Each structure stands twice: as C-alpha cells, then as structure tokens.
Amino acid sequence: MSTTLQADKKTIETADFLPLEGTDYVELYVGNAKQAAHYYMSAFGFQALAYAGPETGIKEKASYAVRQNKLTFVLTTPLRTDNPIADHIYKHGDGVKALSLRVQDATKAWEETTKRGAKSYMKPVKLTDEDGEVVMSGIHTYGETIHLFIERKNYKGAFMPGYRPWNNPHFQPADTGLLYVDHCVGNVGWNQMNPWVKFYEDVMGFKNILSFDDEDISTEYSALMSKVMSSGNGYVKFPINEPAEGKKKSQVEEYLEFYNGEGCQHVAMATNDIVKTVRDLQSRGVEFLRVPTTYYDDLLDRVGEIDEDLEPLKELGILVDRDNEGYLLQLFTKPVEDRPTLFFEIIQRKGAQSFGKGNFKALFEAIEREQEARGNL
Ligand code: FE2
C-alpha cells in the first residue's frame, strides 16, 4: 500500500512542471498607496514592511509592502500621469494587478509556462542588493492581471531589492489573526470560464478540482458559474467565475462592468479563529455582508455539530458549510473601494477543502440586496 502511495506521489511530483510554494504577495494598483497602506494596517492589522519610491531610486512609482503572518500585500501608485499604472487605475479603479507566486526557480517557471502558450509579462530579471538576489519573471492571465514568479531563496532582506525596510514605531496596530492566502478568485467574461480553465491546465499544470454550475449558484434573480483550479501540490487555488443568465444582472456582470474587464474578484485570507478575527476587523471599520438571522434557525440541522457557539456566529453573521472532509466558517467583506469590485473573504477551515457551496444562495441574496441598493440589479 505504501509503495503505491509513494509511486503516486512520485508521478505527481514529476508531472508538476510548475511547483509553486504558495502566494508570495498580492500587489494592488491604487490611487493613493500611502493611504491604502494605512487602511490595510489600521483596518486589517497588517504591519509596515518595506517601501520603494523616489527615495530608493524608483522614480515612476511608490510601493508600500505590508505583512501579516504569511500574507504580504504591496500597494503601488504611479507618481505621474504618463504611466501604465495610471492607465490601469483610470480604467479599473483600485484593484489587484499581480498574484505573485513563490517558486524555487523563476527562470524555469517562465520558460515552462511561456513554452506552453503563456504570454510573457516580463522575462526573468535578477534583482540584487547587499541582502542578496531575487529573480522574478511574469506572465499574463485574465484581463490585465498578471502572475509574477518570485524566487527569493538567495535573499535575506526585508522584502526585495529596490525596497528599504519601512516601519513606524509610533503606529503598530495589532494583527487580526489573518494567516495566509487561501485562494484568489477571478471574474471572467461570458463564455470565458472554460478557456481560462484550459489556460490554467495547459500553461500552469493546474487541475480543476471543483465545478459549480448555474443550478448550484443561482437565486431567484442572478446566477454565475465557477470552476476551482488548483496547483499540483494544492498550495495555490484560483476559482474562476463567469456570469450566467438570470432574471436580472449577475454579480459577476456588475463586477465586469465596473472593473471595465476581467479581474480579481476576491482574495480569501485564512484565520484560525474566525470569531476573534471578524470581531477585530469589524471594530476597526471593515464592513461585512449580512445574511438574514433566519440563516441560523436550521444551521445545525444543515451542518451538524460544530465546535463554535452559535451565538457569536449569529451576532457577527459568520457562515458555516460542511463537506465530506469537515466544515468551514467564512464571511465576506463588502467591496473595499467605491466601485463594486474587489472584496475579501475571511475563512477558517476545519477539515473542509471546499468553498462553501451550501452558503451560496444566502450569500448571493445578500450580494443582490447590495446590488439593488446600488441600482445595479
Ligand atoms: Fe472564496
């Protein structure tokens, strides 16, 4: 038996031409990086990590890296109008530009993906300073979003060459228990889900581990379809959504309209104590979607026994779902900018490896109430 498992493991390892070690960082292009960095620190509990800008020899942009446990966000803004980052913000508003992935070999990652059809964003580049070297390369994915491959095994600095350590001894907000990126969801256009599923299969060696059709994800009014793509080792998961026909406008369609194209819809961040994390985030001003309290009336009949008390879950609006392997608790923020585009998910997994299918209906009805309030349903 163990021999078979070993053999299977070996097959999987040799088949994985793009071994990913996880998410290295998520970079957002924003209208005002200084203030956005402050928001992620004050509201979400990230810590100041590193800064790049004119003072470090970068003339055209300013970037602030903030970190909480294994989560690193980079907030980048252009300093002048004549700049592709400025065009990106003009078109999309604030949003995710780069879902950067940690690799052992960024040159090989670029070669393996581009030879399988990925469009290059940047050829491998070696960045060096007194703390060592980082090799990065990149490819395009849906919309104007990119994947950067980051090789930092020979680097011991705060973040990357070009950055200097940044911290403010007078402002060090406590963390909120957010640990790492669980998954990042992309919204793509009509009939574009399957082409992007094929892209992740062919170009990046991902597997489609779960699919939801519009029967699974529909309310009275609006619908979407989704397929979850996972890297060979399961460390990186990218669900891909496309809109589906409903009586009214799909939430994915609303996103596409306001983001002006395809892009990252939400980043899910893991915690080991969702009640504490959500309470902290809420007290710092993060706003969450609410389901009606009737959701909790038959919750335990639906999901069975759980470790948590029901009252705090109900008070905070935390959702629960169960699959064959266990259960999960999750909650979604409202969009974090004025356009109804990017939002965050807070997730605590207790065995479950799925994405909360049992919550879709209640959740999407909550989203529709928000869409209605915006006049976009
Ligand atoms: Fe999610």
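## Aromatic pairs

A residue counts as buried when its relative accessible area is under 20%. Tyr295 has 7% relative accessibility, so this residue is buried. Tyr296 is buried too, with a relative accessible area of 3%. These values come from a predicted model.

The structure holds 24 aromatic pairs. One of them joins Tyr25 and Phe159: the ring centres are 5.3 Å apart and the planes stand at 75°, so the pair is edge-to-face. Tyr25 belongs to strand S1 (residues 23-29), while Phe159 sits in the loop between strand S8 (146-151) and strand S9 (164-165), so the pair ties together parts that are 134 residues apart in sequence. Tyr25 is buried at a relative accessible area of 4%, and Phe159 is buried at 1% relative accessibility. Tyr295 and Tyr296 also form a pair; with ring centres 4.9 Å apart and planes at 75°, the pair is edge-to-face.

## Charges over rings

Arg116 lies over the face of Phe17, at 3.4 Å from the ring centre. Arg349 lies over the face of Phe355, and here the distance from the ring centre is 5.2 Å.

## The eight-stranded sheet

Eight strands make up an open sheet with mixed pairing, in the order S11-S12-S13-S10-S14-S17-S16-S15. Strand S11 (207-212) and strand S15 (319-323) stand at the edges; each has a single partner strand, so one side of each is left without a neighbour in the sheet. From one strand to the next, the twist averages 25°.

Within this sheet, strand S14 (residues 263-271) pairs with S17 in the parallel sense, over five bridges. Val267 has Phe344 as its bridge partner in S17.

His183 is in strand S10 (residues 178-187) and Glu345 in strand S17 (residues 343-350), so the pair ties together parts that are 162 residues apart in sequence. Both His183 and Glu345 are buried.

## Contacts of Ser226

Ser226 is part of strand S12 (residues 223-230). This serine counts as buried, at 5% relative accessibility. The side chain of Ser226 makes a polar contact with the side chain of Asn241 at 2.8 Å, and reaches the backbone oxygen of Ile240 at 3.5 Å.

Definitions and conventions. Residues numbered from 1 in each chain as written. Predicted model: local features only at pLDDT ≥ 70, side-chain atom pairs only at ≥ 80, totals over all residues. Heavy atoms only, no water. Helix = DSSP H or I, 4+ residues; strand = E, 2+ residues; numbered from the N terminus. Buried < 20%, exposed > 50% of the residue type's maximum accessible area, 1.4 Å probe, protein only. Pairing = 2+ DSSP bridges. Axes fitted to C-alpha atoms, helices over the stretch in contact; angles between N-to-C directions. Polar contact = N/O pair within 3.5 Å; in protein donor to acceptor, adjacent residues only side chain to side chain. Phe/Tyr/Trp six-rings, centres within 6.5 Å; stacked < 30°, edge-to-face > 60°. Lys NZ or Arg CZ within 6 Å of the ring centre and 35° of its normal.
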